[in-house]
Amino acid sequence: MEHLGIDGGAEWIYADPENDAYDRLRLNRGWDTMIRPATAFRFKDRIFGDGAPLDSLFDVLGKWKDAVYIPPKLDQSTNHGGTFMFDGDQTVYAYYDESPGTHADPFGVVEKAIEVARRKSE
């Protein structure tokens with residue numbers, strides 16, 4: 001955590017060295033996902049402007065220069081993430097990252113959270 005500059009991060013950042021969550025959620029993975037058109041389009045958007053410039057990407061990547069990490073399982077090196085929202089046992093939002101750089105729209109996620117909260121308060 002020190003290389004990221006996050007004080008106390010180990011207390012609230014969840015790591016999944018056994019790959020349990022990735023396996024259960026069936027998140028996308030594999031070397032073939034690295035060359036999907038979605039990745040190229042996402043980088044095009046960043047380069048030519050969509051509010052998420054490459055500067056932020058380089059800032060994040062720069063923090064990893066001192067973090068050499070070999071995952072416990074080889075296929076973990078090609079895992080992609082996702083964004084999930086649960087209400088108890090019910091999944092109310094699920095987005096699977098297709099390939100590198102293709103993440104859920106944070107505004108859409110917040111809108112969904114507000115919608116679910118409003119429904120619960122009615």
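Because the model is predicted, local features need pLDDT of at least 70 and side-chain atom pairs count only at pLDDT 80 or more, whereas totals for chains, interfaces and linings use all residues.

**View 1. Overall arrangement of the protein.** The protein has four helices and two strands, these being DSSP runs numbered from the N terminus (helices H or I with at least four residues, strands E with at least two). Along the sequence they follow the pattern α-α-α-β-β-α. Of the 122 residues, 23% count as buried, where buried means under 20% relative accessible area, exposed over 50% and partly exposed in between (1.4 Å probe, protein chains only). The protein exposes about 9,300 Å², of which carbon and sulfur atoms supply 58%; accessible areas come from the Shrake-Rupley method with a 1.4 Å probe, and for residues only the protein chains shown count as cover.

**View 2. Surroundings of aspartate 97.** Aspartate 97 counts as buried because its relative accessibility is 6%. Its side chain is joined to that of histidine 103 by a polar contact of 3.0 Å, that is, a pair of N or O atoms within 3.5 Å, of which, within protein, one must be able to donate a hydrogen and the other to accept it, residues adjacent in sequence counting only if both atoms are side-chain atoms. Leaving aside neighbours within four places in sequence, the residues in contact with aspartate 97 include Asn28, His80, Gly81 and Gly82, contact meaning heavy atoms within 4.5 Å.

**View 3. Threonine 102 in the loop between S2 and H4.** Threonine 102 is found in this loop and, at 9% relative accessibility, counts as buried. Its side chain reaches the backbone nitrogen of glutamate 98 at 3.0 Å and the backbone oxygen of serine 99 at 2.6 Å. Apart from neighbours within four places in sequence, threonine 102 is in contact with Ala38, Thr39, Arg42, Tyr95 and Asp97. Although threonine 102 and arginine 42 are 60 residues apart in sequence, they are 6.4 Å apart in space, C-alpha to C-alpha.

**View 4. The largest nonpolar core.** This core has six residues, namely Met85, Val92, Tyr93, Ala104, Val109 and Val116, and a nonpolar core is a set of buried Ala, Val, Leu, Ile, Met, Phe, Trp, Tyr and Cys residues joined through side-chain atoms within 4.5 Å. S2 and H4 are the elements that give two or more residues to this core. Valine 92 is in contact with Met85, Phe86, Asp87, Lys112 and Val116, when its neighbours within four places in sequence are left aside.

View 5. Asparagine 19, in the segment before H1, has a phi near 70°, a positive value in a residue other than glycine, and at 1% relative accessibility asparagine 19 counts as buried. Arginine 26, in the loop between H1 and H2, likewise has a positive phi, of about 55°, although it is not a glycine; arginine 26 is exposed, with a relative accessible area of 71%.

Technical notes: Residues numbered from 1 in each chain as written. Heavy atoms only, no water.
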